[in-house]
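Subject: The structure, and some notes to go with it

Hi,

Here is the structure I promised to pass on to you. Please open it first, and then read the notes below alongside it.

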Amino acid sequence: MIDGHFVVDAHVHAPRLPTLKPAWLQWAHDFAGAYPWRSVYSAAGEVIPAAMDELMESEGVDRVLLFCEYSPRATGIQPIEDNLSLVEHNPARFRLVANVNPYLHHPAAAEVARQLDLGAVALKIHPVHGAFSPADKELYPVYQLCLERGVPVILHSGTSSFPGSRTSFGNPELLSDVVEDFPALQFVFAHGGRGWWYDVAAFLALARDNVWLDLAGLPPKKLPEYYRRFDFPRLAGKFVFGTDWPGVPGVAKNVRALLGLGLPEDVLSGVLGGNAVKLMPGLA
């Protein structure tokens, strides 16, 4: 916990370093700065579960959602199996998030089912790194499966700087029909429309009960500026805390920056962990 708050970091990348393209390592270097994320890796680039667990404990993080990714165009392939050792080390703190790419997985729903059976508590789709539309009807069986399994869908929403990305697929408007076609399925827009789609993402979050915004990669102090056209405390009720670890100057540092925004206590508790628990009750 941090200052009495239950904290869920709902957006963490802890891949094996040899699976990554150079641009990912440069991104982590540039955005983490002096943050000691490399301390949890062996010389061979393997995550050391005990070291990662200790770092998250020192940061006050109660639950960590571990992302995998199947994006050979942009970052490479980081299979879900690479995260199993972290979950095995501390299943209370670490949880899996599935990932699917319709260009690699067919039928996509079968691959999602396989990863959910490994224990994944959510599904992440990365249309920008995969260069596909999240509204493609081929993904509808995936969304139906997630609805039946009671797991939320996290989607990259906004820009990406990695070579091979296709930014146009990060437009939250692409999800406008999907969130209406699956009103009982919860959607989390990762990065909250980062770039030039903040307004679209925020409007959808306020207009639809099943749309949430994850704060990964967004400096907390700038959130009121990014969403200045909206009732910020009301919109914050739909925020899910995440850092995009390791591309962050520190989890606790981001949490304390959020605490400094003057949000009501009940809203803050929701942002830092309560909303994630609503979406994934097993995190409690």
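The lining of the largest pocket divides by class into 10 nonpolar, 15 polar and 6 charged residues. Please keep in mind as you look around that this is a predicted model.

**The largest pocket**

The space in the largest pocket comes to about 540 Å³. Its lining is made up of 31 residues, and those nearest the centre are Trp27, Arg194, Gly217, Asp244 and Gly247.

Is Asp244 buried or exposed? With a relative accessible area of 8%, Asp244 falls under the 20% cut-off and therefore counts as buried.

The loop between β10 (239-240) and α11 also holds Pro246. The peptide bond that leads from Trp245 into Pro246 is cis, with omega near 10 degrees.

**Salt bridges**

Asp3 and Arg256 are joined through their side chains, with 3.3 Å from N to O. Because Asp3 belongs to the segment before β1 and Arg256 to helix α11, this pair ties together parts that are 253 residues apart in sequence. Arg256 has 44% relative accessibility and so counts as partly exposed. Asp3 has a backbone feature to check as well: a positive phi of about 50 degrees, although Asp3 is not a glycine.

Asp53 and Arg93 form another salt bridge, in which the closest N and O atoms are 2.5 Å apart. Asp53 is part of helix α2 (residues 49-59), while Arg93 is in the loop between α3 (84-89) and β5, so the pair links parts that lie 40 residues apart in sequence. Both Asp53 and Arg93 are buried.

In the salt bridge between Arg149 and Asp117, the closest N and O atoms are 3.2 Å apart. Here the pair ties helix α6 (residues 140-149), where Arg149 lies, to helix α4, where Asp117 lies, so the parts joined are 32 residues apart in sequence. Arg149 is partly exposed because its relative accessible area is 39%, whereas Asp117, at 59% relative accessibility, counts as exposed.

There is also a network: Arg16, Glu46 and Asp82 are joined into one by salt bridges that share partners.

**Cavities**

The structure has 3 cavities of 30 Å³ or more. In the largest cavity there is about 50 Å³ of space. Ala10, Leu65, Pro152, Ile154, Val188, Asp214, Val240, Leu279 and Met280 line this cavity. By class, that lining has 8 nonpolar residues, no polar ones and 1 charged.

The second largest cavity holds about 40 Å³ of space. Its lining includes Pro127, Pro134, His156, Phe169, Asn171 and Phe189. Which strand gives the most to this lining? That is β7 (residues 153-158), with 3 residues. The lining of the second largest cavity divides into 7 nonpolar, 4 polar and no charged residues.

**A surface patch and the loop beside it in sequence**

On the surface, Ile77, Tyr103 and Leu104 form a nonpolar patch, and together they have about 320 Å² of accessible area. Tyr103 is in the loop between β5 (94-99) and α4 (108-117). Its relative accessibility is 60%, so Tyr103 counts as exposed.

Pro107 also has its place in the loop between β5 and α4. The peptide bond from His106 to Pro107 is cis, with omega near -5 degrees.

Happy browsing, and do write back with any questions.

Best wishes

Terms used: Residues are numbered from 1 along each chain as its sequence is written. This is a predicted model: local features need pLDDT of at least 70, side-chain atom pairs count only at pLDDT 80 or more; totals for chains, interfaces and linings use all residues. Side-chain values use heavy atoms; hydrogens and water are left out. Patches are made of residues with over 30% relative accessible area and no salt bridge: like charges are joined within 9 Å, nonpolar side chains (Val, Leu, Ile, Met, Phe, Trp, Tyr) within 5 Å. Accessible areas come from the Shrake-Rupley method with a 1.4 Å probe; for residues, only the protein chains shown count as cover. A salt bridge is a side-chain nitrogen of Lys or Arg within 4 Å of a carboxyl oxygen of Asp or Glu. Helices (H or I, at least four residues) and strands (E, at least two) are DSSP runs, numbered from the N terminus. Buried means under 20% relative accessible area, exposed over 50%, partly exposed in between (1.4 Å probe, protein chains only). On a 1 Å grid over the protein atoms alone, a cavity is a set of points where a 1.4 Å probe fits but cannot get out, and a pocket is an open set with protein on both sides within 12 Å along at least five of seven lines; lining residues have an atom within 4 Å of a point. Grid points are joined across faces, edges and corners, and a volume is the space filled by probe spheres set on the points. Ala, Val, Leu, Ile, Met, Phe, Trp, Tyr, Cys and Pro count as nonpolar, Asp, Glu, Lys and Arg as charged, and the others, Gly among them, as polar.
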